Amino acid sequence: DLTASEFIGKSDDDTLLAFVKRGRGPTDPGNTTGIAMPPKGGNPALNDQDLLDIVAFVRTIHQQ
């Protein structure tokens, strides 16, 4: 839930950008769902500005 994610609240934009670019495997200790998150959400066409726009949007829905 991105609206209440502690990870979102504690991370700066550069950290979130790096996270989305890298993705997260299903066995990553921080993965609480066991579902893989592919790099760039599975869309390799996204550039850094696209991803920063997504981070900015997530900030608008996140409740501190």
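In the predicted model, a polar atom of the Asn31 side chain lies 2.8 Å from the backbone nitrogen of Gly34, a polar contact in the sense used here (a pair of N or O atoms within 3.5 Å, where within protein one must be able to donate a hydrogen and the other to accept it, and where residues adjacent in sequence count only if both atoms are side-chain atoms). Asn31 is located in the loop between helix 2 and helix 3, helices being DSSP runs of H or I with at least four residues, numbered from the N terminus. With a relative accessibility of 12%, Asn31 counts as buried; the classes are buried for under 20% relative accessible area, exposed for over 50%, and partly exposed in between, with a 1.4 Å probe and protein chains only. When neighbours within four places in sequence are left aside, Asn31 is in contact with Arg24, Gly25, Pro26 and Ala36, contact meaning heavy atoms within 4.5 Å.

The model is a prediction in which local features need pLDDT of at least 70 and side-chain atom pairs count only at pLDDT 80 or more, whereas totals for chains, interfaces and linings use all residues. Residues are numbered from 1 along each chain as its sequence is written, and side-chain values use heavy atoms, with hydrogens and water left out.

Arg24, one of the residues in contact with Asn31, also forms a salt bridge with Asp28, for which the closest N and O atoms are 3.8 Å apart; a salt bridge is defined as a side-chain nitrogen of Lys or Arg within 4 Å of a carboxyl oxygen of Asp or Glu. Both partners are partly exposed, Arg24 with a relative accessible area of 21% and Asp28 at 32% relative accessibility.

A search of the whole structure finds 4 salt bridges. Among them is the pair Glu6 and Lys10, whose closest N and O atoms are 2.7 Å apart. These two residues both belong to helix 1 (residues 6-10), where they are 4 residues apart, about one turn of the helix. Glu6 is exposed, with a relative accessible area of 56%, and Lys10 is likewise exposed, with a value of 66%. A further salt bridge joins Asp13 to Arg59, with 2.9 Å between the closest N and O atoms. Because Asp13 lies in helix 2 (residues 13-22) and Arg59 in helix 3 (residues 48-61), this pair ties together parts that are 46 residues apart in sequence. Asp13 is partly exposed, with a relative accessible area of 37%, and Arg59 counts as partly exposed at 30% relative accessibility.

In the segment after helix 3, His62 counts as buried, with a relative accessibility of 13%. The side chain of His62 reaches the backbone oxygen of Ser5 at 2.9 Å. Not counting residues up to four places away in sequence, His62 touches Leu2, Thr3, Ala4, Ser5, Ile8 and Gly9. The C-alpha atoms of His62 and Asp50, which are 12 residues apart along the chain, are separated by 19 Å.

With regard to backbone geometry, most residues other than glycine have a negative phi. Lys40, by contrast, has a phi near 55 degrees, a positive value in a residue other than glycine. Lys40 is placed in the loop between helix 2 and helix 3, and is partly exposed, with a relative accessible area of 22%.
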